[in-house]
Structure formats: structure tokens, C-alpha cells
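This report describes how two protein chains are arranged and what joins them. Please look over the sequence and the model before reading on.

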There are 2 protein chains.
Amino acid sequence: VSVSRPVRTGRRPGASSTRDEIAAAARAAFAEVGYDRASLRGIARAARVDPALVMHFFGSKEGLFREVMTLPGPLAAALAAVAQAPRSEVGRRLAELVVSGLESPELRGILLGRIRSAASHPEAAALVREVVERDLHALAAAIGGERPELRAALVGAHLVGFAVARYVVLVEPMASLTPEQAVDVLAPQFQQALVDPLS
Amino acid sequence: VSVSRPVRTGRRPGASSTRDEIAAAARAAFAEVGYDRASLRGIARAARVDPALVMHFFGSKEGLFREVMTLPGPLAAALAAVAQAPRSEVGRRLAELVVSGLESPELRGILLGRIRSAASHPEAAALVREVVERDLHALAAAIGGERPELRAALVGAHLVGFAVARYVVLVEPMASLTPEQAVDVLAPQFQQALVDPLS
């Protein structure tokens, strides 16, 4: 799924990029207002298509949510690869992955969409838990410290807190750090949560 | 403002406790669904009063939000007192304050209500930023490490992430930690953010 939006030419591009545009519009809507308040009509309007086309492609609002909120496969692989870094570099490697992910509109939309929908929509909460309890847990277990499930939850909480502070609440100076500065700030936090003694 | 709810006797208690009940109902509604989706009618129903009484006490939905989302004065004082702890104990002292605050329905409602409303309601985002940029910044500055504004933002992000993971998304094992275990988990994270070298 690409987030690039084709230049408007007055003619609809092919079906597959129309589908991508609907997906991008849906991701933006879920990230901005959460599952409940996002409407198929509004998403269709943002993608400049008929609402019926959204249903044609995705079946239902729930189907649309599930599909556009799925993390790209390469990300899970990249997360697993963090465990291969030298122990002293694990925090920085994960920070680089997290920051570059959140700087991409697609991944930021997926994460914020999940967080924002989690309160009212158990499916979204399950998707957030899934990242923590499956992907981050696998990472923590591969690194080999004690209590990997707790370490995974701590990293997940950091990640959620950082994303909300930087992109939703706009806490300074978090909001205006450059990506490089954000990596510098997150790296020791992740290192502590993943590798250092827990208390 | 007390969160205790008087036992129902079929007779309305005095005006001041009615006001408290409206405040508690409003806090719960803002925490659960955010500012936009919370309705004065629903809040009045939860507090078993006429919607007109909500307007009488608080003037407007905005006035109600501002008032029930205000952090109790003693909390700011308790936060300032954390800086008086020995440097090696600062993280634990703050963790104890944060966990005991979040275990109280009133304070949890205030924090989650602010976070959940922040996306759609700039006023709520400003209230979250205010805690970070004023109260936590004062704490970090009093402790005396370098870059207190960044340390305050880091602690704020931890706090938001912890609250969302434990009480909204219900990430395990975060959600089922006892308060004592939660303090043990948060203490080194806060110590790192407030006192240890930043990178």
C-alpha cells in the first residue's frame, strides 16, 4: 500500500490506485478522529469517490479499518532484525526504526488510528495489544533479558507516549525535535526498557 | 471535588454534592469518549439531574470541561515536593505519586479525559501540555539536570504511554500489575528521564 497520491488529471486513475487512495483517506480519518467518528461518506469524499466504491472494495467499515490498520509485513521483519544488533545498540536501532516509521504518514496514521480508536473500538485496542504482545514481545525475548513480556509492554508504552506527545498533544520540545534528535532521546529509554536491569 | 458517590435515598442531597456528582459524571464521560462525543444530556442522565442544572452550575460544556479537568491543587504541590527527595530516589517518588494518582478514579478521569479529548479539542491538548510544560518542567528544573524541558517532555510521554497502556489499551502485563509492581516498573524509567544522562 503506497501513500503517494497521484496528481489529479480529471480522469480517474486505475482501480488499484483508487483503492490506495481510499485506504490513505481512511487511515487519515481513523488517525484524526478515531473509528467511531470516521464516516464512510467522509472517507469517500476525501478520496473523491462514491461511497459505494468504498463498500465495493472493503465490504464494510470494519473491513476497511482492519485492512488499512494492518502493519506492513516488512516492518515486522525490521523489528525482528533489531534483535540481531549488538546488545549495546539495541535501543538505538529500535529508536531509529520507530522514528522513521512515525515520520511516514502511512505508519503514523496506522499507529495513531489504532490508539485513537482503541477506547471505543475493542478491535483497535486488540491491534495495539497485538503489536506489543506479539512483535515487541518477540523482540524482547530474542534479546534475552528477564521478563520479556514486561519489557515489551514498557517499550509499547514508550512508543504510544512518544507518538501522542509528539504528534497529537504537541508537547514541546518533543513536537519540534528533528528525527535525529528524536532518535537520540528515545534510544536510551528503549535501551533501558529492553536491556538494562528492570529495577 | 470529591469522587465519592452518596448512597441513593430517593431524596436529592444538597446542592454541593449534586454539583460534585455532575462533575464526576462529566469526568467519566470525557475520559471514556472524549470532549466531542460527550453530551451534556448524557452527563445529566448519568448524574440523574436535569440538563438545565448542568448549565446552571457550569455555564457551558466548555466551562464544565475546564472545571472538571483541573488538577487538584495538592497534586501540583506533591509534584513539587518530589524534587526534595534525594537524587537517587526522585524516580521512585514520582512513580509513587503517578501510580497513586492514576489509581484514583478522579485523577485517572482527568488525565484520560484530557488525553482522549486532545485530538479534537485544542483546549484539552493545551491542558496536557500545561502539565508537562509547567509542572513537570518545574520539577525537572528543580532537580537540576541539563535540558529540563526535554526531561519534562520525556516524563510526560512516559506518563501518557503508561496510562494509555494500562487503562485504555489494556496491554498485558501492564494492565494487571498491582500498584506496587507498577511503581517498581516506572521508577527506573522516571529516574532515567529525570536524572540520568540523556544520551
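## Salt bridges between the chains

A salt bridge is counted here when a side-chain nitrogen of Lys or Arg lies within 4 Å of a carboxyl oxygen of Asp or Glu. The model to which this rule is applied is a predicted one. B:R37 and A:D36 make such a pair through their side chains, with 3.2 Å from N to O. This pair runs from one chain to the other, since B:R37 belongs to helix α1 of chain B and A:D36 to helix α1 of chain A.

A:R37 likewise forms a salt bridge with B:D36, and the closest N and O atoms of that pair are 3.2 Å apart. Across the interface of chain B and chain A, the rule finds 2 salt bridges. Over all chains, the structure holds 16 salt bridges.

## The interface

How many residues does each chain bring to the contact? Chain B gives 39 residues and chain A gives 39 residues. Between them the two chains bury about 3200 Å², and 70% of this area is on carbon and sulfur atoms. On the side of chain B, the residues that lose the most area to chain A are B:V169, B:Q189 and B:Q192, which together account for 16% of what that side buries.

There are 10 residue pairs in polar contact between chain B and chain A, counting pairs with both residues at pLDDT 80 or more. Several helices of chain B supply two or more residues to the side that touches chain A: α1 (15–37), α7 (105–118), α8 (122–143), α9 (148–168) and α10 (179–194). Of the elements on this side, α9(B) gives the most, with 12 residues. By residue type, the side of chain B that touches chain A consists of 24 nonpolar, 6 polar and 9 charged residues.

## Aromatic pairs

The structure has 8 aromatic pairs over all chains. In one of them, A:F30 and A:F65, the ring centres are 4.9 Å apart and the planes stand at 80°, so the pair is edge-to-face. The pair links distant parts of the chain, with A:F30 in helix α1 (residues 15–37) of chain A and A:F65 in helix α4 (residues 61–68) of chain A, 35 residues apart.

## Backbone details in the loops

Where in chain A does A:P173 lie? A:P173 is in the loop between α9 (148–168) and α10 (179–194) of chain A. The peptide bond that leads from A:E172 to A:P173 is cis, with omega near 5°. In chain B, a cis peptide bond joins B:E172 and B:P173, and its omega is about 5°. B:P173 lies in the loop between α9 and α10 of chain B.

Another loop of chain A, between α8 (122–143) and α9, contains A:R147. The phi angle of A:R147 is near 50°, a positive value in a residue other than glycine.

Conventions:
Residues are numbered from 1 along each chain as its sequence is written. Chains are lettered from A and ligands numbered from 1 in the order in which they are written. Side-chain values use heavy atoms; hydrogens and water are left out. Contact means heavy atoms within 4.5 Å. Buried area is the accessible area (1.4 Å probe) that two parts lose on being put together, summed over both. A polar contact is a pair of N or O atoms within 3.5 Å; within protein, one must be able to donate a hydrogen and the other to accept it, and residues adjacent in sequence count only if both atoms are side-chain atoms. Helices (H or I, at least four residues) and strands (E, at least two) are DSSP runs, numbered from the N terminus. Ala, Val, Leu, Ile, Met, Phe, Trp, Tyr, Cys and Pro count as nonpolar, Asp, Glu, Lys and Arg as charged, and the others, Gly among them, as polar. Rings of Phe, Tyr and Trp (its six-membered ring) pair if their centres lie within 6.5 Å; planes under 30 degrees apart count as stacked, over 60 as edge-to-face and the rest as tilted.
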